[in-house]
Amino acid sequence: MSNLDLTSLEQNAIRAVRSRQADGDSMQFWRSLEEAAAAPEFEKYLHREFPSQLAVWEDPVGRRSFLKLMAASLAFAGVTGCTRSPEEKIVPYVRSPEELVPGEPQFYATAMPRAGYGYGVLAESHMGRPTKIEGNPEHPITRGGSDAFMQASILALYDPDRSQTILHRGAIETWDVFVRAMTEEMERLRKNQGHGLRILTGTVTSPTLAAQLTDLLQALPQARWHTFESTVPESVAAGARLAFGRPVDTVLRFDQAKVVVSLDGDFLSGLAGSLKYAREFIAGRRAVSDSSAMNRLYVAECTPTITGAMADHRVAVPPSQIALLAKHILRQITPESSVAVDRELTGQPGPWLTAVIQDLREHRGASIVTTGAGQSAEVHALVHAINQSLGNVGHTVTYIDPVAVSPPQPGSGLHELVTEINVGDVQTLIILGGNPVYNAPGELNFEKLLSKVSLRLHLSDFQDETSFLCDWHIPAQHYLESWSDIRAADGTVSLVQPLIAPLYGGKSPHEILSVLAGQPTRVAHEIVHSYWQKQLSGTDFSRRWRQALHDGVIPQTAAKPVEVPFKLDLSNLVDATKKSLASDQALEIEFRPDPTVWDGEYSNNGWLQELPKPLTKITWDNVAAISPKTAERLHLSSGDLLEVTVAGRSLQTPVWIMPGQADNCVSLTFGYGRTKSGQLGTGRGSNAYSILPAGKHWFSTGTVRKLPGHHVLATTQNHHSMEGRDIVRVTTLTDVQNPPEHPAHATSHTASPQSMYAGFKYEGNAWGMVIDQTACIGCNACVVACQSENNIPVVGPEQVAVGREMHWLRIDRYYHGELDAPEVYFQPMMCVHCEEAPCEVVCPVAATVHDSEGTSNMIYNRCVGTRYCSNNCPYKVRRFNFLQFSDQTTPSLKLLRNPDVTVRSRGVMEKCSYCIQRISHARIDAKIEHLPLVPEGAVVTACQQACPTRAITFGNLANKDSEVRKLKESPLNYGVLEELKTLPRTTYLARVVNPHPNLPVPGAVPPHAPMPARPATGGKAES
Amino acid sequence: MIPDDVNGGRNANLGRAVVEPEETLRVLEPGQTYASVTDKISAIALAHQHPRSWLIGFITSSTLLMVFCYATAYVLIMGIGVWGNNVPVAWAFDIINFVWWIGIGHAGTLISAVLLLFRQEWRTSINRFAEAMTLFAVACAGLYPILHLGRPWVFYWLMPYPNTFGLWPQFRSPLIWDVFAVSTYATVSFLFWYVGLIPDFAVLRDRSKRPFSQIVYGILAMGWRGSAIHWQRYETAYLLLAGLATPLVVSVHTIVGFDFAVSIVPGWHQTLLPPYFVAGAIFSGFAMVMTLAIPLRSMYGLEDFITLHHLDNMAKVMLATGLMVGYGYLMEVFCAWYSGNQFEWYVTVNRAFGPYALCYWALIACNIFIPQLMCFRSVRHCVPALFVISLIVNIGMWLERFVIIVISLHRDYLPSAWEMYYPSVWDFAQFFGSIGLFFALLFLFVRFIPVISIFELRELVHETEGGHKP
Amino acid sequence: MAQIFHPGMNILAKATIFGAIFIIAGIAVAGAAFVRSPYVTQVNVVREQPVPFSHQHHVRELGLDCRYCHYGVEKSSSAGIPSTEICMGCHSQVWKDAEMLRPVRESFQNGTPLKWTRVHDLPDFVYFSHKIHVAKGVGCESCHGRVDEMPLMRRAASLHMDWCVECHRHPERAVRPKQDLFQFGVNRTTVAGVSMEPPLRAATATNFDLLDQSVADLSAPSKPGNAEELGRELVARYGIVTRQLTDCVVCHR
């Protein structure tokens, strides 16, 4: 309901804005979004009597049986009443494992596969059940950081909707029956050398799997292996082949770059190397000490991404213009280049382009030009050309042999497979992972074709769209259940080891392949182990094997850079994407993976579904993003239903008015519209794959038509302006280096706020946190990490819509400046642990209290739920269990819980605790070692540990040498709402931008009341 | 003819302004004797059948009461998530209704205690059901603080008692002050009401024909014999209780005001709140008394006892307190502007022009402009008009709490956290249900207990007879 | 007119008025007594166990150290319940045919664990760590009572919060010298036994501008005295920060 604020009203909102901006009052715009809303809003409320009623009835809790709940609540009452505690059993080991100490967690190194590439992780295990995923510090990509997908992968393990049985044409079958059937089939195939056998996999980087496939193909020369990765279009590889005549992978080194130009390339998320890129990009940006260090980011893209949000200068251009931009850049930096610039630039990138070219010229060899997966092969080739001519290759850009193993014969994509099926060459199709029926481009019509294949086999962790069309469905293993190996984006090999036996008897692709190879008895461990026995030949194999398992990586396996001469003759490079918009109804349609559910693989993952999209803050749904101007032209408002038609195929999806979106472009995201997912994923949103053309890039033209009806979108943030309030402070690099008299970012509030009460005296540990807003890229990893660490429940879209999401840590996204090209600021916001906490004094039962180390604690078992504390919290970071949100009935989810954190029941308040369970462990250890203070690094909060860019620093303010203490002395440090004298222990570093001198400074905040700059402190702890 | 000074100090001044020789306002219409008074009033309680209006009223309110019970059961079983509350608007109908009911409760004590101490005769015929109304209003109010808890079954943790946790409640929290304020208020008002009833129970006991009611009233009368010593002790006790009750009139709503004033929420954090909460409480309380008195007097033909004079005086009190409340609204805006605090100022602007502006202006109309009609004597003497105005004021006072609580909360410090609030069907069920509870109790009271204090009325007869003799 | 009530009713009336007060008070007291009664707290209530294991026999008569079976007590939050293996360590030699021990042997043979009934059971929202208590001088006896005198295990204390807090407010009443931690029935007379490497504080003091006030100066000689004084000195030597012990998060997260 609440999001109606933003939706129904936007028509008048935008009109209001225009008028105000005419008055030169751009600051006012964002407020108007809601205010223009106000009147109709309230009428709506009056007429539609009981809006949130819906929410309750549709709420899963509401749907559970009345009686059960009655019983439950009586039970609650009973527990708190004077009844005796129920009898519990203790079940000790019969033979206890050596290394295991009951009650203490253990960590194992393994690797999470995603889109074929490996991400090194450390998995925490409590008494044999994995409970938390962290990045592996040894791993070159993650380096201890992680992303939302890694964090949420633990929930996927315990997902009650996972496929649990082998199915043969819908009937439950046993593994043995399957093996027998396949053995017969394979005998038949061996006779005709595997004619008609096709194997379809995603990207394969696993050396063992590749070896298995090669062996199989050698044994059956007629058989063929195809690969299809739903989120890696062939344009990337094609571009490389176009440029160098051979496939190569590009590895970028952002820490070496001073100027980064992204042409529709969202390198901070979505690439296999994004975690590394984000870390290195921020490393090259955080260095505010010397001016030469901080890089400058230019972004040209269609719809705002988190990369665009980080840009010093962003320009919104339609995807089809990117090629043109690239050509102009290439032409300008190398006038001798033979590239033909066939069109003039339309739109506003003029001054932006001049600045880009100037900067690139000045930083030859220290710059990076990059583009995105969605762009055409030609653009990729052009970008390679630009980096070549800038002399970046070898410095900031290196090429390596492809990490992914590609099938021996050329032309082995999905298209070729489809053609072969069409001509009837395919009798047996083995689909190992993936869900092509859902995410093959609609134009290929894969769903229909599949029936032409006589025997279809599908290995997957869900009974998805593909499984339902296959004769055999085999449940797949989760990576925490399986033995395997996998390579990271830079080629480094990690071993995948199980932490738990398969919960549902899943199988790994290795085992399926060895069945095909006629060795049905070999298990994955044996297969992987024996493969590496050959590779790591040597006397001390077992030691190296154990070492590799322990470290999570196999040393010296990263790919070496290769020299590749640039082969392409640019003069006859045709712009394949040259398009002209016929009518004004015709728009450019852009496709991209969804920032939270990706390509639909995670559509049944509650944590990711409820994770707000970084820019729109929408949960549980996908939308068609359009620019405000286009919305005006087509008379659309957010939430209106839209029919998007591409080449005769169409889908219905709600509109979202996206400030900063390129005009006349519609951006759609994949991953929704699943028809066969779990209970969470099925039937949400619309499937963008269904209208995706089979071309090699991710945009096209199409038409839109407004449909009757309005769709309620569950958003977590409905107001987008800071109201001129001093919340996110922004300053420029130049201001930091030689501060003006009254720097905009300087603390503007009275330095020594007075209090009527005697302050609390802190001795011993004093915990504090600093969040660097220059480094936060808004990637959401911390949000999910917090959810995972602290047993935070999922509440569902209806509850999110009425403003009851439970995330302890949210990332506020503010717009600032112009309507069509706003600045975007991210601000992670969780309990800031005020030393003078307003919430604490108003709790009637002392359920939220201060401890002697300065953290503000929630004591759930004491909370009676008056919610007074939430009202009195100026940061509104407290979350209340309005209903029984935490699922205490599903058995598999009980295994997921972190045993060190209480699972909250209905009716209690909760909030960020600074991961008090981790603090407690560290404090106990320190006290046992008789240290007066917990040493630096002993406590790492979940969000801090997850952050790939190290934007969050947590530590002991009592420790002089602590990193957090140093940051608190930075002139950039300030406390949000510190004028309230809450003395927050969590403070923020002002966001530093590095604009080009010739371009306007991206919205620096209005200066405050003139006050001399002073280092803001974290409060009394060190004062 | 009553000389003005019989009415006593302040009221005389109020009186003089409007009382004109030809149309005289009396606290008791002429021709009433001890017997007639007693007959008339005791008859109501002892009568065998009652006017149809009573039956209809009772059935309607009992139906609403059922709704209340159902809604309450549902909330207890499902959790308060069935309401519309969210973060940031964590308090809504629950606390609005609480404050509203408590406010209504104020008139009773004011009338019975304060006016008694000020020797205002005109209180005599309205104090009984005003007190009853107080009790029932407080009963309704008292339910919300418990029901609005996330875990109502542990509400007793708010009381200080020696427990196995070795913990006390947190005495810095205004909610704890509430616990004491409200419970004290409930206790004292009940005692005051009951003590006042004792002689009348005795009357009913003696007049009742049926043994059952004789016994019940007999027990309730606690062996009252009306001897001189009884009367002498009785008057002392009654005055003492009046003395005890008087400070409560101010204290209770002051403390309810603290619930908000003590917090840091913009729009709540004002020293102004306690006094203008008290004024508002009396305002709404008298409005409710008026709302009840007017139908009651016509239902049972009590026009002789609840005269225009009573209505007139109550109207004046409402007028006065209404102006205080109006001043409160004015000062709120002024302080917000004068403080120069951007958050305070935004909340003020948002009240008047934000999404809920309609509520704010409705409130201004109901509580400031419409009551001004009572400046005109003609309006004050037009019973239906008074009835309508009193209803409007009741609505207005409810809206005031909505404005203070919901509109302040829904947009406070960080815009990222701003949310709209929409009540759910259960919010309304609980609200109207509590009104049902209130009226159901009230109808039972009317049925079984003298709605007007008989013995005090007889005193009044005694005093006024002097006046009526030629 | 006839009297409705017999004169005697007056007495009754008066009686009820006064009685009411005492009755209400009585109910309150009874309620308070109930929640503290063994029925609720299970104090001294022996529970059914698969094997009638006697701590008295093993601890007092055989003199086994607590840590032989409860091996986790010094390195983990949970003290640990011995695996069947540990039982069989001895009982494959002694009493190896005893009928009483049949469940143990069966468990060992067919790998089905023994299911003991929990005697000391804290609510799930209480996070108790054995290792810190042991490290800071709280002996087994302080919470578990004279286990060496229990033929069958039973709860010695109510485990109510006020019982825990009592000790967290006055640790000096419970802490004992290191060598007495796993003893029963000893009465503290000296702290000589507190062997403790000097805290790192001395080494790294420069890193910390806030020193833990309550860490005692270890150069001070340990003086004999009454239990209270010794307790205070022990608290100081163990570096127990009494003020911190009553932080809610010490036990609740």
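User: Does Arg965(A) count as buried or exposed, and at what relative accessibility? Which is it?

Analyst: This is a predicted model. Buried means under 20% relative accessible area. Arg965(A) has 9% relative accessibility, so the residue counts as buried.

User: Which residue forms a salt bridge with Arg965(A)?

Analyst: A salt bridge here needs a side-chain nitrogen of Lys or Arg within 4 Å of a carboxyl oxygen of Asp or Glu. The partner of Arg965(A) is Glu969(A), and the closest N and O atoms are 3.5 Å apart. Glu969(A), at 46% relative accessibility, counts as partly exposed.

User: Where do the two residues of the salt bridge between Arg923(A) and Glu853(A) lie in the chain?

Analyst: The closest N and O atoms of Arg923(A) and Glu853(A) are 3.1 Å apart. The pair links distant parts of the chain, 70 residues apart: Arg923(A) is in helix H30 of chain A, and Glu853(A) is in the loop between strands E32 and E33 of chain A. Arg923(A) counts as buried because its relative accessibility is 8%. Glu853(A) is also buried, at 2%.

User: At what angle do helix H12 and helix H14 of chain A pack?

Analyst: Angles under 35 degrees count as roughly parallel. H12(A) and H14(A) pack at about 20°, with their axes 10 Å apart. H12(A) is therefore roughly parallel to H14(A).

User: Which helix gives the most to the nonpolar patch?

Analyst: The patch covers about 880 Å² of surface, and its residues include Trp337(B) and Trp345(B). H10(B) gives the most, with four residues. Trp337(B) is in helix H10 of chain B. Trp337(B) has a relative accessible area of 53%, so this residue is exposed.

Technical notes:
Residues are numbered from 1 along each chain as its sequence is written. Chains are lettered from A and ligands numbered from 1 in the order in which they are written. This is a predicted model: local features need pLDDT of at least 70, side-chain atom pairs count only at pLDDT 80 or more; totals for chains, interfaces and linings use all residues. Side-chain values use heavy atoms; hydrogens and water are left out. Patches are made of residues with over 30% relative accessible area and no salt bridge: like charges are joined within 9 Å, nonpolar side chains (Val, Leu, Ile, Met, Phe, Trp, Tyr) within 5 Å. Accessible areas come from the Shrake-Rupley method with a 1.4 Å probe; for residues, only the protein chains shown count as cover. Buried means under 20% relative accessible area, exposed over 50%, partly exposed in between (1.4 Å probe, protein chains only). Axes are lines fitted to C-alpha atoms, for helices over the stretch in contact, and angles run from 0 to 180 degrees between N-to-C directions. Angles under 35 degrees count as roughly parallel, over 145 as roughly antiparallel, 65 to 115 as roughly perpendicular and the rest as oblique.
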